[in-house]
Amino acid sequence: MSRAFVNEDQAAAQADQPVERRVSDQPNYLTASGLSQLQRRVAELKAARSELQGLGERADKQRLADTERDLRYFSARVQSAQVVPAATSRDKVQIGSRVRFVDQQDQEQVVQLVGEDQADAGRGLINWGSPLGRALLGAKPGDEVLWRRPAGDQVIEVVAIEGDS
């Protein structure tokens, strides 16, 4: 058999496997509630895996493979978690802080800096390692910081800081 056919067979077999979830290179800093969310997700995935394995041959192989992949990812994230102390300072932005800021168009926004897996921009939960998170981290009320965005840099002013609630 030609090597070309062997490689095609291997490629076809690998196509059935889900692509592994990429684990970020940044430290896995997160809030206590972020760790709780990760732990719940691991428990849910373990339960789903057990249920699928219990079906034996009738199990959806792709769903089982996806569940196994996600379980590997979230288990690794729990293992690498570095829970930061609750943000209590109103003087300096920390991971966990809620930050009110205004942009150059005087539009006010409120965000909370959280860990990567807890981030949800639609709910105002911003990854501390994102461009906005890095711009805000360590800032004080009244500070103007440079938010380096793909759409263009913008200067924003920190108006107020609240601790993690």
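A salt bridge is a side-chain nitrogen of Lys or Arg sitting within 4 Å of a carboxyl oxygen of Asp or Glu. In this predicted model, Arg69 and Asp70 make one, with their closest N and O atoms 2.9 Å apart. Across the whole structure, the count of salt bridges comes to 11.

Another of these bridges brings together the side chains of Glu20 and Arg72, with an N to O distance of 2.4 Å. Here the link spans distant parts of the chain, since Glu20 belongs to the loop between α1 (3-15) and β1 (29-30), Arg72 belongs to helix α3 (residues 61-80), and 52 residues separate the two. Glu20 comes out at 45% relative accessibility, so it counts as partly exposed, and Arg72 is put in the partly exposed class by its value of 42%.

Next up is the bridge between Arg49 and Glu68, where the closest N and O atoms are 3.8 Å apart. Arg49 sits in helix α2 (residues 32-54) and Glu68 in helix α3, so this bridge ties together parts of the chain that are 19 residues apart in sequence. Arg49 is partly exposed at 24% relative accessible area, and Glu68 is partly exposed too, with 22% relative accessibility.

Two packed helices are described by the angle between their axes and the distance between the axes. For α2 and α3, the axes come within 9 Å and cross at roughly 150 degrees. Angles over 145 degrees count as roughly antiparallel, so α2 is roughly antiparallel to α3. As for handedness, α2 passes α3 in a left-handed crossing. Which residues do the meeting? On the α2 side they include Leu35, Leu38, Val42, Leu45, Ala48 and Leu52, and on the α3 side they include Leu64, Leu71, Phe74 and Val78. Arg49 and Glu68, the salt-bridge partners, are also among the residues where the helices meet.

Now for Asn28, which is found in the loop between α1 and β1. With a relative accessible area of 5%, Asn28 is buried. What does its side chain contact? One partner is the side chain of Ser80, in a polar contact of 3.0 Å. A polar atom of the Asn28 side chain also lies 2.7 Å from the backbone oxygen of Arg77. Leaving out neighbours within four places in sequence, Asn28 is in contact with Arg77, Ser80, Ala81, Gln82 and Asp117.

Gln154, in strand β7 (residues 154-162), is another buried residue, with a relative accessible area of 6%. Gln154 and Gln104 are 50 residues apart along the chain, but 7.1 Å is what separates their C-alpha atoms. Once residues up to four places away in sequence are set aside, Gln154 touches Asp103, Gln104 and Gln105, along with Val145, Leu146, Trp147 and Arg149.

Definitions and conventions:
Residues numbered from 1 in each chain as written. Predicted model: local features only at pLDDT ≥ 70, side-chain atom pairs only at ≥ 80, totals over all residues. Heavy atoms only, no water. Helix = DSSP H or I, 4+ residues; strand = E, 2+ residues; numbered from the N terminus. Buried < 20%, exposed > 50% of the residue type's maximum accessible area, 1.4 Å probe, protein only. Polar contact = N/O pair within 3.5 Å; in protein donor to acceptor, adjacent residues only side chain to side chain. Contact = heavy atoms within 4.5 Å. Axes fitted to C-alpha atoms, helices over the stretch in contact; angles between N-to-C directions. Parallel < 35°, antiparallel > 145°, perpendicular 65-115°, else oblique. Left-handed = near helix turned anticlockwise from the far one by under 90°.
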